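Please read them with the structure open.

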Amino acid sequence: MKHKNERKALITSLYTADPSAHVFGGKIYIYPSHDLKIPVADDDNGEQYMMEDYHVLSMDNLDAECIDNGLALSKDDVPWVDKQMWAPDAIYKNGKYYLIFPAKDKDGIFRLGVAESESPTGPFVPQSNFIQGSYSIDPAVLVDDDGRTYCYNGGLWGGQLEMWQSGSFDRDAHRPEGDELALGPMFAEFTEDMTGFVSAPKHLEILDENGEPLKAKDEDRRFFEGPWVHKFKGKYVLSYSTGSTHYICYAEGDRPDGPFTYKGRIMEPVKGWTTHHSILEIEGEWYIFYHDIERSGVTHARDVKYTRLHIDEDGRIETIHPYDIN
Ligand code: FUB
């Protein structure tokens with residue numbers, strides 16, 4: 001059955017992107033970036049993505065109207081943030097809702113911050129500083145079945161992941177290319193109180209069918225940005241954007257920190273340069289939330305959408321062609 005809202009912009013009163021969708025208390029909540037349609041030319045550094053705050057969207061069910069719950073967190077309320085509040089995620093833990101978000105600090109370095117609220121829609125109160133040891137963008141946070149909480153994050157180019165290869169920040173760092181190994185997303189475990197990481201983040205390995213790590217030249221399969229992890233029949237499924245080739249792909253592992261083995265493509269390119277998603281189960285069916293620029297035609301003015309995901313008994317995910325009539 002097709003839902004009334006499927007493959008349509010969920011809200012048109014604002015531009016939203018990078019949707020991290022969750023079910024909390026039986027309702028659907030979406031934690032997106034709040035895009036601003038400002039006249040800034042596109043560049044590979046992502047200077048056109050000048051977002052300043054977060055709004056939480058919610059829906060009673062997949063056919064219900066999508067509601068904008070207003071301002072949840074502004075950059076002006078976060079002491080360490082200078083600009084560019086990019087793709088966030090949220091979790092429920094310890095009886096609270098936590099918003100985990102990336103932004104550039106006063107030195108122009110992307111860091112991750114945490115803010116908390118009694119309500120899934122905020123307003124969120126930020127911690128006074130960024131998470132020590134965090135860097136790059138696109139946090140996706142998994143609260144595992146045993147309550148341990150893992151952060152997956154990272155993004156190339158404007159997301160600055162390459163700039164940390166030496167262990168400290170180097171704006172001029174060489175980008176892996178050709179037969180050099182591709183950089184995987186970062187992995188770290190949160191402390192129980194969500195104020196820090198248990199140990200320094202490490203890169204996750206994504207292996208090919210022969211058990212070899214993916215190479216930088218393998219742009220159809222290597223990680224670029226937007227990691228997401230969901231569990232399916234006990235396996236950890238890492239999905240992500242390939243950025244420059246605009247696919248959403250997935251890899252599977254037996255442990256939260258990998259290694260992960262590449263399995264296939266979840267989504268063909270959407271309209272726009274970026275593709276960024278989340279995957280979740282709602283009432284026994286699987287869905288992917290994503291964005292595109294069909295409405296605006298502008299790279300940094302995106303709209304959140306969702307569609308059904310078909311996963312077979314063995315966990316194989318059918319590739320979605322986002323503009324085919326479904
Ligand atoms: O929204 C800004 C950036 O664009 C995100 O952090 C990336 O994942 C891409 O969607």
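1. **Ground rules.** This is a predicted model, in which local features need pLDDT of at least 70, side-chain atom pairs count only at pLDDT 80 or more, and totals for chains, interfaces and linings use all residues. Residues are numbered from 1 along each chain as its sequence is written, and side-chain values use heavy atoms, with hydrogens and water left out.

2. **The ligand shell.** Which residues surround the ligand? They are Asp18, Ser33, Met51, Trp86, Ala87, Ile137, Asp138, Glu225, Thr274, His276, His291 and Arg302. A residue counts as near if one of its heavy atoms lies within 4 Å. By class, the shell holds four nonpolar, four polar and four charged residues. Here Ala, Val, Leu, Ile, Met, Phe, Trp, Tyr, Cys and Pro count as nonpolar, Asp, Glu, Lys and Arg as charged, and the others, Gly among them, as polar.

3. The side chain of Asp18 places a polar atom 2.5 Å from a ligand oxygen. For Asp138, a side-chain N or O atom is 2.5 Å from an oxygen of the ligand. For Arg302, the corresponding distance is 2.7 Å. The protein buries 99% of the 280 Å² that the ligand exposes when taken alone. (A polar contact is a pair of N or O atoms within 3.5 Å; areas come from the Shrake-Rupley method with a 1.4 Å probe.)

4. The ligand sits in the second largest pocket. A pocket is an open set of points on a 1 Å grid over the protein atoms alone, where a 1.4 Å probe fits, with protein on both sides within 12 Å along at least five of seven lines. "Sits in" means that more than half of the molecule's atoms lie within 2 Å of the grid points.

5. **The sheet.** Five strands form an open sheet with mixed pairing, in the order β14-β18-β17-β16-β15. Its edge strands, β14 (206-207) and β15 (225-232), each pair on one side only. Strands are DSSP runs of E, at least two residues long, numbered from the N terminus; two strands pair if DSSP finds at least two bridges between them.

6. **Strand pairs.** β16 (residues 235-241) and β17 (residues 248-253) run antiparallel, joined by six bridges. One partner pair there is Leu238 with Ala251 of β17. β17 and β18 are also antiparallel, with five bridges; Cys249 stands opposite Arg265 in β18. β14 and β18 (residues 260-267) are parallel, over two bridges, and Ile206 faces Phe260 of β18.

7. **Cis peptide bonds.** Most peptide bonds are trans, and most residues other than glycine have a negative phi. Gly122 and Pro123 are joined by a cis bond, with omega about 0 degrees. Pro123 lies in the loop between β8 (110-117) and β9 (125-126). Another cis bond joins Gly258 and Pro259, with omega about 5 degrees. Pro259 is in the loop between β17 and β18. That hairpin has six residues between its strands, and Gly258 takes a positive phi near 75 degrees.

8. Where do Trp157 and His246 lie? Trp157, with a positive phi near 55 degrees, is in the loop between β11 (149-153) and β12 (186-189). His246 has a positive phi of about 70 degrees and belongs to the loop between β16 and β17.

Methods: A polar contact is a pair of N or O atoms within 3.5 Å; within protein, one must be able to donate a hydrogen and the other to accept it, and residues adjacent in sequence count only if both atoms are side-chain atoms. On a 1 Å grid over the protein atoms alone, a cavity is a set of points where a 1.4 Å probe fits but cannot get out, and a pocket is an open set with protein on both sides within 12 Å along at least five of seven lines; lining residues have an atom within 4 Å of a point. Helices (H or I, at least four residues) and strands (E, at least two) are DSSP runs, numbered from the N terminus.
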